[in-house]
Amino acid sequence: MPARPSVLYVTDLAYPARGRRYCDEDIHLTSRLRADFDLALCHPLDTAALMDGFDAVVVRNSGPVLHHRDAHDTFRARATAHGTRVYNPLTGRGDMAGKQYLLDLTRAGHPVIPTVDRPEDLHLLPRADQYAVKPRDGADSIGLRFLTHDELATSIRSTEATGPDHGDVLVQPRIDFRYEVSFYYVDHTFQYALHAPDPERRWALERYEPTDADLAFARRFIDWNTLDHGIQRVDACRTREGDLLLVELEDLNPYLSLDLLDEPTRDAFVAAMTASLHRFLDTTPPAYR
C-alpha cells in the first residue's frame, strides 16, 4: 500500500480570538483531513523544528504573526531554503506579506479603501471625520487607532523622525459602511460568502448570496494575488453608496467560520480543500524567491 501524504498542521488552539473559536474550527478540519492524510498538529513556535519530517506544512489558525515574529521568520527562512511545501504558498502578496498591498492596490486604482503611508500623501485621502491608523504588519486590529484630522496631523509630525514610514503605519479614512462581507476561495474557486449586517459586530456573521458583480469584485483580487493553491478570504465593506471596497486580502491564515455553514456547504469546502491539498502535493516543490 503506498504511503499516505503527511501534513504538519499549524494552529494555536489556545489563541483567544475575539468572536471566534480557533480550536473548534481546527479540530473539525483536522478530523476530516485525517481521512486522506497522516496529520499532526503543532503550535507556530514549533513549526521550524518539526516540519522536515512532513510532506507539507498547512498553516491555519495560527494567530497574528506579531505574537511570534522571530519564530515565523525562522520558519519562512527554513522553508524557503529547503523548498518546503507550505500551504498557503509563501509567495502570497496579501496579508502574509504585510499591508503593503493596500498601498499598491490604491496606487493602481483598484476598489480598495484609500491607503497612504507618508505624511506628504495625506492630501490624497478623502476628507473624513476620523482616520484609521494601523501598523503595516498589523493583524486582528492590534495597534489600530482612530484619529481626527487634527490629531492625525499632530501624530504624523511627532513620528516623522522615526523614518520615511513615520513609525511604519498606514492611514485610511474611516469609512461609513453599511456592512462587511467576506468571500471565501479554495485555489481560484469561490466557495461561499458571509456578511456582518451590524457594523459594530464584525464576527456576528450570516450567509450572504453574492451577485455576479460581487463575485467579479472578489475575483479581481484573487487573480491579482496569483496564488495557484490555497485558501483565501476577500474582506470588503459595502459603502452607503452601494459600492464594495476591499478591506483585507487574507492569504496567510484566514478564519473560515465553518460553524456558521450548513452541512452541505461545510462538506463541500472540506472536499475542495482536500482536493486542493492533493493537487498541491503532486506539484514540484516550490523555488521561493
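Helices (H or I, at least four residues) and strands (E, at least two) are DSSP runs, numbered from the N terminus. The model is predicted: local features need pLDDT of at least 70, side-chain atom pairs count only at pLDDT 80 or more, and totals for chains, interfaces and linings use all residues. Residues are numbered from 1 along each chain as its sequence is written, and side-chain values use heavy atoms, with hydrogens and water left out.

The protein has seven helices and 12 strands. Of its 289 residues, 51% are buried. Buried means under 20% relative accessible area, exposed over 50%, and partly exposed in between, with a 1.4 Å probe and protein chains only. Contact means heavy atoms within 4.5 Å. Among contacts with a separation of 6 or more, 70% join residues 24 or more positions apart.

Two nonpolar cores were examined. A nonpolar core is a set of buried Ala, Val, Leu, Ile, Met, Phe, Trp, Tyr and Cys residues joined through side-chain atoms within 4.5 Å. The largest has 26 residues. Those with the most contacts inside it are Tyr87, Tyr192, Leu256, Phe269 and Met273. Strand 1 (6-10), helix 1, strand 3 (56-59), strand 8, strand 9 and helix 7 each supply at least two residues of this core. Helix 7 gives the largest share, seven residues. Phe269 touches Val186, Gln191, Tyr192, Ile231, Leu256 and Leu258, not counting residues up to four places away in sequence. Apart from this core lies another, of 22 residues, among them Leu102, Leu103, Phe183 and Leu244. In soluble globular proteins, nonpolar side chains tend to be buried together.

Helix 1 (residues 22-33) packs on helix 7 (residues 263-281) at an angle of about 60°, with their axes 11 Å apart. Axes are lines fitted to C-alpha atoms, for helices over the stretch in contact, and angles run from 0 to 180 degrees between N-to-C directions. Helix 1 is therefore oblique to helix 7. Angles under 35 degrees count as roughly parallel, over 145 as roughly antiparallel, 65 to 115 as roughly perpendicular and the rest as oblique. The crossing of helix 1 and helix 7 is right-handed. A crossing is left-handed if the near helix is turned anticlockwise from the far one by less than a right angle, and right-handed if clockwise. Helix 1 contributes His28, Leu29, Arg32 and Leu33 to the contact, and helix 7 contributes Arg266, Asp267, Val270, Met273, Thr274 and Leu277.

Leu33 lies in helix 1. Leu33 is buried, with a relative accessible area of 1%. Leu33 and Thr274 are 241 residues apart in sequence, yet 6.7 Å apart in space, C-alpha to C-alpha. Leu33 touches Tyr9, Leu39, Met273, Thr274 and Leu277, not counting residues up to four places away in sequence.

Helix 4 (residues 100-107) has Tyr101, Leu102, Leu103 and Leu105 as its buried residues. These pack against strand 7 (169-173), helix 6 (212-225) and strand 12 (244-250). Gly109 follows helix 4 and has a positive phi, near 85°. Leu246 lies in strand 12 and is buried, with a relative accessible area of 0%. The C-alpha atoms of Leu246 and Pro111 are separated by 6.3 Å, although the two are 135 residues apart along the chain. Leaving aside neighbours within four places in sequence, the contacts of Leu246 include Tyr101, Leu105, Phe217 and Phe221.

The peptide bond from Tyr87 to Asn88 is cis, with omega near 5°. Asn88 is found in the loop between strand 4 (86-87) and helix 4. Asp187 is not a glycine, yet has a positive phi of about 55°. Asp187 lies in the loop between strand 8 (177-186) and strand 9 (189-196) and is buried, with a relative accessible area of 6%. Thr226, also not a glycine, has a positive phi of about 60°. Thr226 lies in the loop between helix 6 and strand 11 (231-239) and is partly exposed, with a relative accessible area of 48%. His229 is in the loop between helix 6 and strand 11. His229 is buried, at 15% relative accessible area. Not counting residues up to four places away in sequence, His229 touches Tyr87, Asn88, Pro89, Asp187, Ser276, Arg279, Phe280 and Thr283.
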